[in-house]
Amino acid sequence: MTVFRTFLKVLNKCKTPIIMYTVFLIFFGGFNIQTSDNSTNFTASKPDILIINKDCEKGITKNLIHYIEKNSNIIDIENKEEKINDALFYRDVNYIIYIPDHFREDFLNHKNPKIEVKSTGDYQASLAEMMLERYMKIANTYNKNLSSEKKIIKNIDDTLSKQAKVEITSKLDTDHLEKATFYYNFTNYCLLAGCIYVICLILSSFKNEHIQKRTIISSMNYKEYNRKLLLSNSLFSIVLWLFYVLLSFILLGNIMFTLHGLIYIINSFVFTLCALTLAFLLGNLVSNKNAINGIVNVIALGSSFLCGAFVPMEYLPNSVLTIAHILPSYWFIKTNELLKTIESFNLETIKPIILNMAVIVIFTIIFVVITNIISSKKRKIN
Amino acid sequence: MKNVIEVKNLTKEYKELKAVDNLSFAVQEGEILGLLGPNGSGKSTTINCILSLLNFSEGSIKIFGKEMKPDAYDIKKDIGVVFQDVAVFEELSVYDNIDYFCGLYIKDKRVRKKYVEEAIQLVGLEEFKNFFPKKLSGGLLRRLNIACGIAHKPKLIFLDEPTVAVDPQSRNNILDGIKMLRDRGATIIYTTHYMEEVEILCDRVIILDKGKIIASGTNAEVKALASIEEKVSVEAIDLDKKYIDEIKKFKNVDEVIYNNNILFIRYKKGKNNLDTLLDYLKEEHIKYNKIYSERPTLNDVFLELTGKELRD
């Protein structure tokens, strides 16, 4: 109890920077969650089109204009070349359609009348172009086979009114899963920074050269002493992890009560153990309290950027992701990213998640082994 | 008397350097042994080897009749160490610091509380027990350092220069505390550069140089190794060279130095040296202000044996 009680007293003495650090992390994490727009829902957009009709507004010409009006925003601009060009330049209009004189007549007589267009070249203009091409292809097809203009128009209208019904069968709550992934990716930084900062700060006191010398010559078994110190630090790490899990329930709500939520929690727990052992290793190496902030920045911030905690993995170059493989954060974030795409859990979908967690466990074991080697070497001054 | 520590043929080598060279000595129960030597003489290395903080190349170390090893916790429970560098938690109060280090030895909360209070009393920190180390002066901090090392009432105590850079009040307090520990029956190994402390405290001294014992015994025994018997300083006189030459011819005179109106004479063995000098000064009507006569110190012994000052 002596070690644990002293651990708590030292922790209590460090409470101001710890609270400030946690509030800072929560503020940025929570703020990002609330402001991030990761919506995957789509709404159709309508291009801005100007129609300059030199033909009579009858028959097929009228039908074409009506179709375009229905599927776009018709812009009214004075028919002067200069003003039309200005509108195009300033993106007031995306697409301009010039229906030539005698269009109706030439079309019905199979003379292939040419419709002139002007375009801004952007995606809205492409949409307008696709719309016009679609109409003309259908109209030409019926014009070849039918002689009556009425029948042609009726068939065009029937064809264009048919809509393919697209049904999304996925039951994934993509919006909330995106947010949960974002939150747990961000906890990569929170858990790493929190563990490294606090554990290094506390160990810098316990592992102070002179205090350690006094501990080694005491009658307390040094291995037992280290075990007690590790247990005290573990308790702190678990409290920190529970805090962020609790916060995820508050910020993310129902999604945390699903199987997805449970795996996010398990994954973050495995990662917390890894962060704990890494922090314990660093705490054994670092004795200068002033260096701790720098270490937090290099390790926690560095690995968060490299592994896609802040910037999604798909935006990171392959070379960066290759380097990131050697960091536990990569496997933690990879699982989070994977989780948002999994609809149902079975052996096949869960296997990569288990493998990622196994890699984190291997990292944990490596950190424990290195810490033991360093600790036993430090015990003897050769 | 039982031997508390027995060191036999201890040798510690760093590549080509022998830090400790075939050292053998014993420390008896209840004595204060002064371990003296200049920086780099092997004092700290010897202590670190005894405490199993260092591996050693050859030799054997027994404490309380048992072989000392890193995992000899039954021996360690009766050892207290006060290192030269202050080893306390900045985040803990005076009381909590002593309680923590005592807690590494004493599990019983009630006993520990009593021991901590006694240690605070021993070093005179009653008024400061709720203070944090940052608020303590250098002297008080040293007293806290001692309290942390001895609170568990060890039978064997190592004190490594505990009075370095402390004020006279704290020094007296520390020395009184050490005497009290000895009176309680503790065996103490004391290293210091201050000769007066050795003369006040130590029953026996060992002088080390280049990892070897160059002298050992009681204070008187070690001082007897010096070839000089007496040192005399005569202040504020105006002497011609002929008088100095005359004094050099006196019986038992080893060396005469005249500098800044101070005449310094070192005498070899012999008696009535001061009387002869005083008679001569009176005869020759030589005026003087003060005359000091000193017995040889341990430092003189060391200087003779090694050609170096202890504090070098």
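Asn260(B) is exposed, as 6 other C-beta atoms lie within 10 Å; a residue is exposed at 12 or fewer such neighbours, buried at 20 or more and partly exposed in between, with C-beta atoms placed from the backbone. This is a predicted model, in which local features need pLDDT of at least 70 and side-chain atom pairs count only at pLDDT 80 or more, while totals for chains, interfaces and linings use all residues. Residues are numbered from 1 along each chain as its sequence is written, and chains are lettered from A and ligands numbered from 1 in the order in which they are written.

**The loop between β12 and β13 of chain B**

- Asn260(B) sits in the loop between β12 and β13 of chain B; here strands are DSSP runs of E with at least two residues, helices are runs of H or I with at least four, and both are numbered from the N terminus.
- The phi of Asn260(B) is positive, near 50°, in a residue other than glycine.
- Asn261(B) is found in the loop between β12 and β13 of chain B, and has a positive phi of about 60° although it is not a glycine.
- Asn261(B) counts as partly exposed, with 13 C-beta neighbours inside 10 Å.
- Most residues other than glycine have a negative phi.

- Strand β11 (residues 228-235) and strand β13 (residues 262-268) of chain B run antiparallel and are joined by 7 bridges.
- Lys231(B) has Arg266(B) as its bridge partner in β13(B).

- Another open sheet of 4 strands in chain B has the order β2-β1-β4-β5, and its pairing is antiparallel.
- At the edges stand β2 (17-28) and β5 (66-67) of chain B; each has a single partner strand, so one side of each lacks a neighbour in the sheet.
- Between strand β1 (residues 3-14) and strand β4 (residues 58-63) of chain B, which run antiparallel, there are 5 bridges.
- The bridge partner of Glu6(B) in β4(B) is Lys62(B).
- Helix α1 (residues 43-50) of chain B lies across β1, β2 and β4 of chain B, running at about 115° to β1(B).

**Helix α5 of chain B**

- Helix α5 (residues 138-150) of chain B has 13 residues, which should span 18 Å at 1.5 Å a residue, and its end C-alpha atoms are 19 Å apart, which agrees; the expected span is 1.5 Å times one less than the number of residues.
- α5(B) is mostly covered, with 10 of its 13 residues buried.
- The buried residues of α5(B) include Leu140(B), Leu144(B), Ile146(B) and Ile150(B), and also Arg142(B) and Arg143(B).
- These buried residues pack against β6, α3, α4 (109-123), β7 (156-160) and α6 (168-183) of chain B.

**Where chain B touches chain A**

- 22 residues of chain B are in contact with 20 residues of chain A.
- On the chain B side, α2 (73-76), β6 (79-82) and α3 (94-103) are the elements that give two or more residues.
- The largest share of that side, 4 residues, comes from α3(B).
- By class, the side of chain B that touches chain A has 14 nonpolar, 3 polar and 5 charged residues; Ala, Val, Leu, Ile, Met, Phe, Trp, Tyr, Cys and Pro count as nonpolar, Asp, Glu, Lys and Arg as charged, and the others, Gly among them, as polar.

- Chain B has 11 helices and 14 strands, and 38% of its 312 residues count as buried.
- The C-alpha atoms of chain B fill a box of roughly 75 × 45 × 35 Å along the principal axes.
- Chain A has 15 helices and 4 strands.
- The radius of gyration of chain A is 33 Å, well over the 21 Å that the globule rule gives for 382 residues, so chain A is more spread out than a compact globule; the radius is taken over C-alpha atoms, and the rule is 2.2 Å times the number of residues to the power 0.38.
- Buried residues make up 35% of the 382 residues in chain A.

Methods: Pairing = 2+ DSSP bridges. Contact = placed C-beta atoms within 7 Å. Axes fitted to C-alpha atoms, helices over the stretch in contact; angles between N-to-C directions.
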